[in-house]
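Open the model in your viewer and keep the sequence beside it. The tour below goes from one selection to the next.

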Amino acid sequence: MPERLHTDRKLIGTKQVLKALKAGRVAAVYVADDADPMLREPLVGQCRDAGVEVIPVATMKELGKLCQIHVGAACAALLR
């Protein structure tokens, strides 16, 4: 499923993902396991509350690479 980050409509970054999550536009969220827990835990909790699937990724660097960017990413979301 990570290959969907190459082609599907997506958002990258905690602020953008949270905004889209509140608007009900998110189908799934990828979260880096090594992201700051102060960012990761509230995001995962809101995903659970909204019934959105959370997909763990080992590192921020790996998630950034999956999103085809040259920096790490704490999270990314696939849009509906």
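Start by selecting Glu-41, which is partly exposed, with a relative accessible area of 43%. On this scale, buried means under 20% relative accessible area, exposed means over 50%, and partly exposed lies in between (1.4 Å probe, protein chains only). This is a predicted model, in which local features need pLDDT of at least 70, side-chain atom pairs count only at pLDDT 80 or more, and totals for chains, interfaces and linings use all residues. Residues are numbered from 1 along each chain as its sequence is written, and side-chain values use heavy atoms, with hydrogens and water left out.

The term stands for a side-chain nitrogen of Lys or Arg within 4 Å of a carboxyl oxygen of Asp or Glu, and the count is one salt bridge. Arg-40 is buried, at 17% relative accessible area.

Apart from neighbours within four places in sequence, Arg-40 is in contact (heavy atoms within 4.5 Å) with Val-31, Ala-32, Asp-33, Asp-34 and Ala-35.

Finally, select the cysteines named here. With a disulfide taken as a pair of cysteine sulfur atoms within 2.5 Å, the count is zero. For Cys-47, the nearest cysteine sulfur is that of Cys-75, 8.2 Å away. Cys-47 is buried, at 0% relative accessible area. The sulfur of Cys-67 is too far for a bond because the closest cysteine sulfur, in Cys-75, is 9.0 Å from it. Cys-67 is buried too, at 3%.
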